[in-house]
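The questions below are for a reader who is new to this structure.

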Amino acid sequence: MRFRCLLPILMILILMLVAFACRSSSGGEYNVDRSACNGCGECVRVCPHDAIYMDADNKAMIDQSKCQQCGNCVLVCPQSAIH
Amino acid sequence: MWQLCIGMSTKRYTLILLLLTVGWLCARPSIWYNSQVVSVADEIEWRNRLRVEQRFSSGGTLTVDDDLVWGDAISPERLQKLYHSMRLSWWQRFSHIEARLGYRNTLYSGGEKIALYPVWQPLSVYERDLQHTGYLKADIDFESWRLSGYHLSKVLSITPYEFDLQDFTLVRQAPELQQDHFSGLRATYQLNEDIAISAGANHKSNPGVAGGLFDLTTFSLGAKQNWKPIPLSLDIETSLEWEYRDGKAITAERRNVLVASIRLRHQLSPEVSGYVHYVNRTCTDPSGSELLLLSNYLRGGVKYTLPVEPEGGSYVSGGFVYSPENYSNAVFAEGQSKVVSRIWAGVSTMYRIKENYKYTGKLGWRFPGASECHILYSYSELMQGVPKRSYFGAGWTWYY
Ligand code: SF4
Ligand code: SF4
């Protein structure tokens with residue numbers, strides 16, 4: 001067993017536990033899970049602020065400067081990839 | 001140049017698309033085409049997806065993706081009657097370089113007027129017309145280093161409408177172009193077999209928008225570890241990234257963001273596989289002294305391949321997403337199986353807790369070589385308050 005590999009995992013788990021204990025920020029933001037996105041473009045069609053574009057790998061990207069956090073893209077994503 | 005492209009008529013655009021497709025067919029590429037017509041109440045929707053891929057002996061791959069969605073009415077799931085997106089992409093691998101070059105053309109027609117920039121121009125609405133996107137992405141590997149760079153430019157032609165406060169009407173304005181240019185560089189260093197560290201910078205500019213309101217620059221530092229305790233069976237990937245964002249549209253709290261993620265994939269047996277993925281985003285308060293929770297995202301799923309067909313086309317799968325901060329908690333399940341001979345049946349469901357749901361059932365016929373045709377029935381509620389939609393459809397998928 002290579003223990004050095006367990007170190008980053010432990011560190012990240014501790015960070016996540018710490019983060020759970022934090023108070024929430026006043027605003028949120030939406031992001032795309034790239035591994036779950038299938039490039040269908042449904043989110044691009046419903047975004048009322050032109051804040052989503054498809055990148056060079058045909059994965060949806062949210063332009064954080066334009067997103068108004070309406071949540072429409074979350075509702076139509078067939079992969080539930082937007083969170 | 002962009003002006004010239006925007007001015008290109010729809011007829012010429014269709015002709016170029018047709019010529020490209022015919023030229024390609026002569027080169028015997030692999031083709032996948034899916035078409036589906038659905039009827040919702042008294043509306044009709046037609047969806048077409050085409051993928052043509054040609055591999056060359058030089059190692060390059062040329063791909064055309066075409067996505068056309070047309071409906072005779074605007075629906076909450078589609079803000080325009082016609083959406084047509086065509087992508088041409090070239091992928092090439094040289095000895096140490098992997099490059100991707102592409103162009104995407106998106107046509108919006110018969111669209112709802114949308115408040116593209118409600119904060120900036122509260123009394124303006126827009127119609128999206130035509131969008132051109134061009135990109136170039138390259139990764140260069142050199143011993144333990146990997147250098148990655150990209151540029152993507154997006155030019156959207158829009159027709160603005162301004163609200164006349166005296167007449168209470170919308171007044172059409174001269175068409176405009178909205179440009180977004182994204183570029184980025186990233187350097188990654190592989191410390192050992194499992195661990196890599198990286199640093200990167202991205203810049204996005206929106207020329208023409210007063211005061212650079214949508215300009216954004218980000219710097220990031222990250223570390224990633226990929227550990228395979230049981231090769232080909234168990235794979236654990238963890239990553240940690242700090243991102244600093246500088247842009248007028250970014251709130252003070254979201255300037256420093258810390259993203260921690262862990263992903264586990266396990267092939268438990270030849271038939272059963274599963275995964276768990278967790279991402280946590282935290283930011284800091286404006287003074288930078290306190291960590292604040294931005295969002296959690298936990299996703300998991302299992303898939304069981306039924307030993308009915310040798311191709312593994314029969315399966316059941318299920319999963320969930322837990323992300324309470326962004327109201328995207330969901331459970332989903334899907335399954336399809338051969339019923340008898342060439343007839344197969346499939347069901348899928350997606351239930352977004354307290355938000356919406358969709359159930360779909362399919363019955364199909366498979367031809368030799370994976371092509372198929374099917375009929376489907378779907379029942380869904382997009383959001384509370386929007387009438388439930390129940391629709392029948394028919395579709396076919398063709399492989400060449
Ligand atoms: S709707 Fe979901 S799966 Fe489709 S492109 Fe957008 S993020 Fe990806
Ligand atoms: S939350 Fe709304 S504005 Fe933001 S990307 Fe999704 S659809 Fe667009």
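Ala, Val, Leu, Ile, Met, Phe, Trp, Tyr, Cys and Pro count as nonpolar, Asp, Glu, Lys and Arg as charged, and the others, Gly among them, as polar. The model is predicted.

Q: How do the residues of the shell around ligand 1 divide into nonpolar, polar and charged?
A: The residues that surround ligand 1 number 14, and Cys37(A), Asn38(A), Cys40(A), Cys43(A) and Cys77(A) are the closest. By class, the shell holds nine nonpolar, four polar and one charged.

Q: Which residue in the turn between β11(B) and β12(B) has a positive phi?
A: Strand β11 (residues 216–230) and strand β12 (residues 234–246) of chain B pair in the antiparallel sense over twelve bridges. The two form a hairpin with three residues between them. The positive phi, about 65 degrees, belongs to Leu232(B).

Q: What is the bridge partner of Glu241(B) in β13(B)?
A: β12(B) also pairs in the antiparallel sense with strand β13 (residues 256–267) of chain B, over eleven bridges. In β13(B), the partner of Glu241(B) is Val259(B).

Q: What area is buried between domain 1 and domain 2 of chain B?
A: The domain assignment gives domain 1 as 191–301 and domain 2 as 306–370 + 381–386. Ten residues from domain 1 of chain B and nine residues from domain 2 of chain B take part in the contact. Carbon and sulfur atoms give 56% of the buried area, which is about 770 Å².

Q: How many salt bridges are counted between domain 1 and domain 2 of chain B?
A: The centres of the two domains, taken over C-alpha atoms, are 29 Å apart. The salt-bridge count between domain 1 and domain 2 of chain B is zero.

Conventions:
Residues are numbered from 1 along each chain as its sequence is written. Chains are lettered from A and ligands numbered from 1 in the order in which they are written. This is a predicted model: local features need pLDDT of at least 70, side-chain atom pairs count only at pLDDT 80 or more; totals for chains, interfaces and linings use all residues. Side-chain values use heavy atoms; hydrogens and water are left out. A residue is near a molecule or strand if one of its heavy atoms lies within 4 Å of it. Two strands pair if DSSP finds at least two bridges between them. Helices (H or I, at least four residues) and strands (E, at least two) are DSSP runs, numbered from the N terminus. Domain bounds come from an automatic or database domain assignment. Contact means heavy atoms within 4.5 Å. Buried area is the accessible area (1.4 Å probe) that two parts lose on being put together, summed over both. A salt bridge is a side-chain nitrogen of Lys or Arg within 4 Å of a carboxyl oxygen of Asp or Glu.
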